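Subject: Structure for you to look at

Dear colleague,

I am passing on a structure that you have not worked with before, and below it I set out what was found. Please read the notes with the model open beside them.

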Amino acid sequence: MIVLITGPSGAGKSTFVQSLMADDPRLAFSISTTTRPMREGEVDGRDYDFVDEATFKKLIAEDAFVEWAQVHDNYYATRRSRLDEMAAAGKIPLLDIDVQGGVNVIDIYDSELVSVFLFPPSWEELENRLRSRATDSDDVISTRLKNARTEVGFASRYQYWVVNDDLDQAVARMKAIILAESCRSTALGQSPLG
Ligand code: ADP
Ligand code: 5GP
C-alpha cells in the first residue's frame, strides 16, 4: 500500500500527516526533493531534501524521480530511491504531494495506492490558516490561494475526501480509511489460512 495525500497549501496536510504518523509506526513519510527555500524550523533531509535548481535538473536527467512538478514557483519531486528504501524496510510510504504529482502517481500505482484529498473546511478558513502559519509573504499567500481553486478541481480523481475541520476527527477518519484498506483481500495478498 502507498498512501497519497493531496490538498491545497494551508489545508493542514503537514499537521495532519504528523498527527497520523505519530500513532502508526507502519507509515513512513516520503521525503520530497525541492528547490524551495527552507522555512524556519525545517530540517534538510527530514522535511525535504533541499537542493538548488541545477541539482534538481541533473536529477531529472538521471531519471531519479518517480514524478516531479513545478508548484507555486518552485520544483518538487518524489525520489525513486526514497520510495525503494521505504518498501525495503516494509513501511507504508505516505506521500504529501500536489495535484500534478498526485494525478501522475494515481496513474502509475493504480490499485496499490490509497488516494486522499484533504479539504479545508472553507475558503475563509484556508486563508486564515495560511496567514496564521506566518511563514509566507502576502504575495506567496495570494499565489497559493489562487492555485487552491485549480487544485480542488482535481479532487474527483482521488478515492477519498477528508475535511480537515477538527484535526483529531479528521485523523480518526483517515485511520479508518487505512484500516479498511489494509483489510482488502488484494492488500492481504493471500488467505490468512495459507
Ligand atoms: P499544509 O501542509 O497543507 O500547507 P499546514 O499543516 O502547514 O498546512 O497547516 C497550515 C496552518 O493551519 C498551520 O498554522 C496549522 O497549525 C493550522 N492547522 C492545520 N490543521 C488545522 C486544524 N484542523 N484546525 C485548525 N488549524 C489547523
Ligand atoms: P510546501 O512548499 O508548502 O511545503 O508545499 C507546497 C506544495 O508542494 C504542497 O501542495 C505539497 O503537497 C507539494 N509537494 C511537496 N512535495 C512534493 C513532491 O514530491 N511532488 C509534488 N508534485 N508536489 C509536492
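Strand E5 (65-71) and strand E6 (74-79) each give at least two residues to the shell around ligand 2, where strands are DSSP runs of at least two residues and helices (H or I) of at least four, numbered from the N terminus. This is a predicted model, in which local features need pLDDT of at least 70 and side-chain atom pairs pLDDT 80 or more, while totals for chains, interfaces and linings use all residues. Residues are numbered from 1 along each chain as its sequence is written, chains are lettered from A and ligands numbered from 1 in the order written, and side-chain values use heavy atoms, without hydrogens and water.

The shell around ligand 2 holds 17 residues, the closest being Ser 32, Arg 36, Tyr 48, Tyr 76 and Asp 98, and a residue belongs there if one of its heavy atoms lies within 4 Å. Polar side-chain atoms lie 2.5 Å from an oxygen atom of ligand 2 in the case of Tyr 76, 2.8 Å in that of Asp 96, and 2.8 Å in that of Arg 144. The protein covers 95% of the 510 Å² of accessible area that ligand 2 has on its own (Shrake-Rupley method, 1.4 Å probe).

Ligand 2 takes up the space of the largest pocket, meaning that more than half of its atoms lie within 2 Å of the grid points; a pocket is an open set of points on a 1 Å grid over the protein atoms alone, where a 1.4 Å probe fits, with protein on both sides within 12 Å along at least five of seven lines, and lining residues have an atom within 4 Å of a point. H1 gives the largest share of the lining, six residues.

Best wishes

Technical notes: Polar contact = N/O pair within 3.5 Å; in protein donor to acceptor, adjacent residues only side chain to side chain.
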